[in-house]
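The sequence and structure come first.

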Amino acid sequence: MFEPIIKIQSEDFDFAEHYSMIRALGGEAAGAIAGFVGLVRDYNAQAGDGGEVATLTLEHYPGMTESSIEAIVTEAQARWPLLATTVVHRVGRLQPTDQIVMVLAASAHRDAAFAAAEFIMDFLKTQAIFWKKEASDKGDRWIESTDADRQRAVGWSDDGGDRVSSQP
């Protein structure tokens, strides 16, 4: 097993820099690198009339947050033949359009890289230990995982990593 790269930071990240690192870590065996970058939205899709988002503030508990992410990545390593993974998650006060999270997964084959990146992201949304507070023109509110996020996580089977059902 390889040691995943897991970073919790307030500063922005450079996708190209992390891509170069994971490509080097994957070495000649890497045939695919799948990636995802999440951005802060300027509206709250789950609140209906939640107002326009001004900021999203993320808090974490150092050590505990990294451990929760490491457990997610360890599960992905057990399900797919991965060569390297990177997870970078930002904390602090973020503005709409800011990058908030990045997941990269390297494998010999694209199906494993795609599935692992999607799996990691689905579980970051539901199991990683973060507290999110949204400020909008309607006031402040704490954000939790949505029903859709929870359904996506539940949709992963335990029989080799195939998704039981596809969610929108």
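Asp-122 and Arg-152 are both buried (under 20% relative accessible area, with exposed over 50% and partly exposed in between; 1.4 Å probe, protein chains only). Their side chains meet in a salt bridge, 2.9 Å from N to O. The term covers a side-chain nitrogen of Lys or Arg within 4 Å of a carboxyl oxygen of Asp or Glu. The pair links distant parts of the chain, 30 residues apart: Asp-122 sits in helix α3, Arg-152 in helix α4. Glu-118 joins Asp-122 and Arg-152 in a network of salt bridges.

This is a predicted model: local features need pLDDT of at least 70, side-chain atom pairs count only at pLDDT 80 or more, and totals for chains, interfaces and linings use all residues. Residues are numbered from 1 along each chain as its sequence is written, and side-chain values use heavy atoms, leaving out hydrogens and water.

Helix α4 spans residues 147-154, and its buried residues are Asp-149, Arg-152 and Ala-153. They lie on the same side of α4, because they cover an arc of only 95° around the axis. The arc is taken from the directions from the helix axis to the C-beta atoms. Asp-147 and Val-154 are exposed on the other side of α4. The buried residues of α4 pack against α3 (110-127). Helices (H or I, at least four residues) and strands (E, at least two) are DSSP runs, numbered from the N terminus.

The structure holds seven salt bridges. The table lists three of them.

| Salt bridge | N to O distance |
|---|---|
| Asp-122 and Arg-152 | 2.9 Å |
| Arg-90 and Asp-12 | 3.6 Å |
| Glu-134 and Arg-141 | 3.7 Å |

Arg-90 is buried, at 8% relative accessible area. Asp-12 is partly exposed, at 46%. Glu-134 is buried at 8%, and Arg-141 is partly exposed at 30%.

Which residue's side chain makes a polar contact with the side chain of Asp-12? That residue is Gln-99, at 2.7 Å. A polar contact is a pair of N or O atoms within 3.5 Å; within protein, one must be able to donate a hydrogen and the other to accept it, and residues adjacent in sequence count only if both atoms are side-chain atoms. Gln-99 lies in strand β6 (residues 99-107) and is buried, with a relative accessible area of 18%. A polar atom of the Gln-99 side chain also lies 2.9 Å from the backbone oxygen of Phe-13.

Key. Contact = heavy atoms within 4.5 Å.
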